[in-house]
Amino acid sequence: MMRTLKERESFTKGLTPRQVAEIEACTQCGECLRYCPVQEVTKRREIAPASKIRMYRDFIKRTESLKAILFGDEVDCGLLEEFTRAVFECTTCGACGQFCPVGIDTQRLWPALRREMVRRGLGPIGPQVEIPDNILRTGNPYGLPAGDRFRWRPELSLPAEAEFGYYAGCTGAYQATPMVRGDLLVLKAVGLEFTMLSEEEEVCCGFPLFITGQHEILAETVRKVVEAFSLRQIRYLVSSCPCCVNMMTKDWPYLYGGPLPFKILHISQVVAPRLKGLSLRHYRRRLIYHDPCYLSRGMGIIQEPRQILRAIPGVELVEFDRHGRESRCCGAGGAARKVFHENAIGIARLSIDEAIQKGAERLVLSCPACYEKVNEALEGYDKQIEVVDIMELIADLIGVEG
Ligand code: SF4
Ligand code: SF4
């Protein structure tokens with residue numbers, strides 16, 4: 001097949017020197033294969049991290065090696081399409097990187113390679129293409145009315161300016177409302193003075209754009225949120241969404257063009273040190289906590305959610321075989337949950353099965369995408385377990401009325 005000029009463009013230009021070195025360094029040992037949740041449910045070898053890296057190396061070799069420059073070479077279009085599907089089918093959970101003996105940071109590498117495919121007009125896939133326009137029109141990637149963003153919000157009187165700002169995030173605000181409602185009730189109950197933006201001001205954090213490789217309006221989207229919170233004089237920005245917190249911490253500073261005027265905190269980092277003043281009801285249950293990939297592997301936030309759960313009198317906390325930094329994805333990551341729905345449901349059910357097998361009575365989550373997908377995976381499934389978000393649970397045990 002004839003190649004277009006775009007396909008012959010450099011495959012390394014948009015990558016960092018570290019990422020180029022990572023692609024070269026992969027030994028093809030296959031260690032990562034054992035931990036890939038997509039591979040686990042699809043059994044398709046081309047999804048495997050080693051296969052993706054091998055394909056990408058081939059693209060580099062055929063466009064940038066001395067032989068290719070001197071004598072010309074061709075990129076296999078079929079391979080390009082196969083690679084695009086594989087890299088977009090990945091949940092970007094980063095488990096492969098966690099177990100990689102070479103230390104390849106795959107949670108950052110895959111989004112960079114997705115961006116390269118978008119530059120060539122091969123990605124994004126399916127409804128992902130609507131994300132930028134939806135954000136421009138409505139402020140959220142789902143295209144839902146901005147006026148509905150805070151419909152779940154309890155009656156609270158919030159100051160216009162405060163030391164802390166709370167950011168709900170699009171997935172929580174539209175698809176996991178008990179979670180963000182719980183956030184606000186708990187923040188209030190621990191005595192935190194905080195402010196929020198209006199429904200129109202709080203727009204997407206940019207993660208869906210970043211993760212699908214669609215960067216055109218990314219910096220502009222980020223700037224809107226940073227400037228709006230700056231005007232509220234905040235010193236700390238708090239969110240419960242692992243993807244938002246990850247994006248704000250790692251990518252907002254370079255997209256904003258310098259250090260942020262406030263620090264980013266995950267809600268568990270704010271609540272854990274303030275739990276002492278609260279009186280939690282006795283709750284004799286065996287709980288299992290699922291670490292969200294972007295919170296545990298991505299941010300190293302592992303102990304704070306457990307500290308919160310252990311503070312509940314009567315609770316027994318059990319663990320998944322793979323937990324903390326080694327946690328298995330819930331299936332909802334990487335903006336793949338709506339495109340590769342069957343994979344996401346299959347992966348979510350692996351966690352449901354293990355939670356039940358461990359004798360847990362409730363599966364505690366801490367991510368809006370996990371919340372939405374695990375609840376969906378329970379529909380029509382013959383195994384059932386109660387699912388709850390960590391702040392939804394704490395709000396319930398404090399007995400706070402909204
Ligand atoms: S574990 Fe690392 S080095 Fe080994 S195949 Fe996977 S990505 Fe490559
Ligand atoms: S990031 Fe997760 S889903 Fe993607 S290849 Fe690695 S282990 Fe598989």
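Visitor: At roughly what angle do the axes of helix α19 and helix α20 cross?

Guide: This is a predicted model. Helix α19 covers residues 341–357 and helix α20 covers residues 368–378. Their axes come within 9 Å, and the angle at which they cross is roughly 85 degrees.

Visitor: Is α19 roughly parallel or roughly perpendicular to α20?

Guide: Angles of 65 to 115 degrees count as roughly perpendicular. The axes of helix α19 and helix α20 cross at roughly 85 degrees, which makes α19 and α20 roughly perpendicular.

Visitor: How many charged residues has the contact of α19 with α20?

Guide: On the α19 side, the contact is made by Ala344, Ile345, Ala348, Arg349, Ser351 and Ile352. On the α20 side, Lys373, Val374, Glu376, Ala377 and Leu378 take part. By class, this contact of α19 with α20 has seven nonpolar residues and one polar residue, and the charged residues number three.

Visitor: Is the crossing of α6 with α8 left-handed or right-handed?

Guide: The residues that meet are Thr84, Val87 and Phe88 in α6 and Trp110, Leu113, Arg114 and Met117 in α8. The residues of this contact of α6 with α8 comprise five nonpolar, one polar and one charged. As for its hand, the crossing in which α6 passes α8 is left-handed.

Visitor: Which helix gives the most to the shell around ligand 1?

Guide: Ligand 1 is surrounded by 14 residues, of which the closest are Cys26, Cys29, Cys32, Ala50 and Cys100. By class, this shell around ligand 1 has 10 nonpolar, three polar and one charged residues. The helix that gives the most to the shell around ligand 1, with three residues, is α4 (residues 49–64).

Visitor: Which helices each supply at least two residues of the shell around ligand 2?

Guide: There are 15 residues around ligand 2, and Cys36, Cys90, Cys93, Ala95 and Cys96 are the closest. The shell around ligand 2 has 11 nonpolar residues, four polar ones and no charged ones. At least two residues each come from α3 (37–42), α7 (95–99) and α8.

Visitor: How many of the nine residues of helix α21 are buried?

Guide: A residue is buried if 20 or more other C-beta atoms lie within 10 Å of its own. In α21, the buried residues are Ile390, Met391, Glu392, Leu393, Ile394, Ala395 and Leu397. They pack against α11 (177–189), α16 (267–271), α18 (303–310), β7 (362–365) and β8 (386–389). Helix α21 (residues 390–398) is largely enclosed by the rest of the structure, because its buried residues number seven.

Visitor: What is the phi of glutamine 233?

Guide: Glutamine 233 lies in the loop between α13 (218–231) and β3 (236–239). With 15 other C-beta atoms within 10 Å, glutamine 233 is partly exposed. Although glutamine 233 is not a glycine, its phi is positive, at about 65 degrees.

Visitor: Which residues does phenylalanine 150 touch, not counting those up to four places away in sequence?

Guide: The loop between α9 (131–138) and β1 (164–166) contains phenylalanine 150. Phenylalanine 150 is partly exposed, as 18 other C-beta atoms lie within 10 Å. Not counting residues up to four places away in sequence, phenylalanine 150 touches Ala173 and Glu199.

Visitor: Is the peptide bond from glycine 123 to proline 124 cis or trans?

Guide: Proline 124 is found in the loop between α8 and α9. The peptide bond from glycine 123 to proline 124 has an omega near -5 degrees and is cis.

Methods
Residues are numbered from 1 along each chain as its sequence is written. Chains are lettered from A and ligands numbered from 1 in the order in which they are written. This is a predicted model: local features need pLDDT of at least 70, side-chain atom pairs count only at pLDDT 80 or more; totals for chains, interfaces and linings use all residues. A crossing is left-handed if the near helix is turned anticlockwise from the far one by less than a right angle, and right-handed if clockwise. Helices (H or I, at least four residues) and strands (E, at least two) are DSSP runs, numbered from the N terminus. Two residues are in contact if their C-beta atoms, placed from the backbone, lie within 7 Å. Ala, Val, Leu, Ile, Met, Phe, Trp, Tyr, Cys and Pro count as nonpolar, Asp, Glu, Lys and Arg as charged, and the others, Gly among them, as polar. A residue is near a molecule or strand if its C-beta atom, placed from the backbone, lies within 6 Å of it. A residue is buried if 20 or more other C-beta atoms lie within 10 Å of its own, exposed if 12 or fewer, and partly exposed in between; C-beta atoms are placed from the backbone. Axes are lines fitted to C-alpha atoms, for helices over the stretch in contact, and angles run from 0 to 180 degrees between N-to-C directions. Angles under 35 degrees count as roughly parallel, over 145 as roughly antiparallel, 65 to 115 as roughly perpendicular and the rest as oblique.
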